[in-house]
Amino acid sequence: MRSYQVEFLGSFPKNVPPATLPEVAFVGRSNVGKSSAINAILGRKKVARVSQRPGRTQAVNLFHIDGRICFADLPGYGFARVPQRVRQAWKHLVEGYLFDREGLNLVVVLVDSRHEAQEMDIQLLDVLRTAKRDFVVLATKVDRMKRSKRAAAIATLRKGLRLKPDQLIAFSAPDRVGVDEAWAAIGAAV
Ligand code: GDP
């Protein structure tokens, strides 16, 4: 397994410094497996922190990968029972980022493979389409589904999210399913 050199640039609640490398952003519902996916993609254990608690400061975490690509880990959404103020802050930070960020080449959206298309994920994809961003969706935790059920679940999800076949990648962090496909999408974009 290849492991990449990672330089942490910082955690930015606002005023994210301008990109100096082609950038790939990661975004998804909290607990979807975003941190685990980033770590699996990088072949590292603890680049992105697994399971941030709701109510933590919402911030964009930037990492330089092999001095070649910037990964932007965007705060997760969809916490139950968060105050409207927190929701608004997320929307402002993340939508602002997705619309305005210069140097952002690809957005990797994470969704849970075991659930049908969720309203918040559909809305996020609509934002990306409106912003004319290239994106790819990782359907996480496929290892939690029986192999015989995976293809049908992925097909249903793809329809629900209105994705082209090559926009949806079945993913499992522990089994490293989809890591090569994720890199192919990243490599094509940066
Ligand atoms: P985040 O909040 O989106 O960053 O999600 P985390 O990466 O912290 O993962 C949330 C929980 O799901 C943790 O308990 C992870 O161990 C677990 N998890 C994440 N990805 C996978 C996966 O691909 N397969 C399985 N079985 N569990 C996963």
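Me: Which residues in α3 do W90, E95, L98 and F99 in α2 meet?

Reply: Good place to start; this is a predicted model, where local features need pLDDT of at least 70, side-chain atom pairs count only at pLDDT 80 or more, and totals for chains, interfaces and linings use all residues. Residues are numbered from 1 along each chain as its sequence is written, and side-chain values use heavy atoms, without hydrogens or water. Helices (H or I, at least four residues) and strands (E, at least two) are DSSP runs, numbered from the N terminus. With contact taken as heavy atoms within 4.5 Å, the α2 residues meet L124, V127, L128 and T130.

Me: How do the residues of this contact divide into nonpolar, polar and charged?

Reply: Ala, Val, Leu, Ile, Met, Phe, Trp, Tyr, Cys and Pro count as nonpolar, Asp, Glu, Lys and Arg as charged, and the others, Gly among them, as polar. On that basis, the contact of α2 with α3 divides into 6 nonpolar, 1 polar and 1 charged.

Me: At roughly what angle do the axes of α2 and α3 cross?

Reply: Axes are lines fitted to C-alpha atoms, for helices over the stretch in contact, and angles run from 0 to 180 degrees between N-to-C directions. The axes of α2 (residues 84–100) and α3 (residues 119–130) come within 9 Å of each other, and they cross at roughly 35°.

Me: In what order do the 7 strands of the sheet stand?

Reply: Two strands pair if DSSP finds at least two bridges between them. The sheet is open and its pairing mixed, and the order is β1-β3-β4-β2-β5-β6-β7.

Me: Which strands are the edge strands?

Reply: The thing to look for is a strand that pairs on one side only. That picks out β1 (6–12) and β7 (168–170).

Me: Which residue in β5 stands opposite F26?

Reply: Strand β2 (residues 23–28) pairs in the parallel sense with β4 (residues 69–73) over 4 bridges, and A25 has A72 as its bridge partner there. With β5 (residues 104–112), β2 runs parallel over 6 bridges. In β5, the residue opposite F26 is V108.

Me: How many of the 6 residues of β2 are buried?

Reply: Buried means under 20% relative accessible area, exposed over 50%, and partly exposed in between (1.4 Å probe, protein chains only). E23, A25 and V27 point one way from β2, V24, F26 and G28 point the other way, and all are buried. The count of buried residues in β2 is 6 of 6.

Me: Why does the aromatic pair of F8 and F63 tie together parts that are apart in sequence, and by how many residues are they apart?

Reply: Rings of Phe, Tyr and Trp (its six-membered ring) pair if their centres lie within 6.5 Å; planes under 30 degrees apart are stacked, over 60 edge-to-face and the rest tilted. F8 and F63 form a tilted pair, 5.3 Å centre to centre with 45° between the planes. F63 counts as buried, at 4% relative accessibility. Because F8 lies in β1 and F63 in β3 (residues 60–65), the parts tied together are apart in sequence by 55 residues.

Me: Is N31 buried or exposed?

Reply: N31 sits in the loop between β2 and α1 (34–42), and has a positive phi of about 75° although it is not a glycine. Its relative accessible area is 59%, so N31 is exposed.
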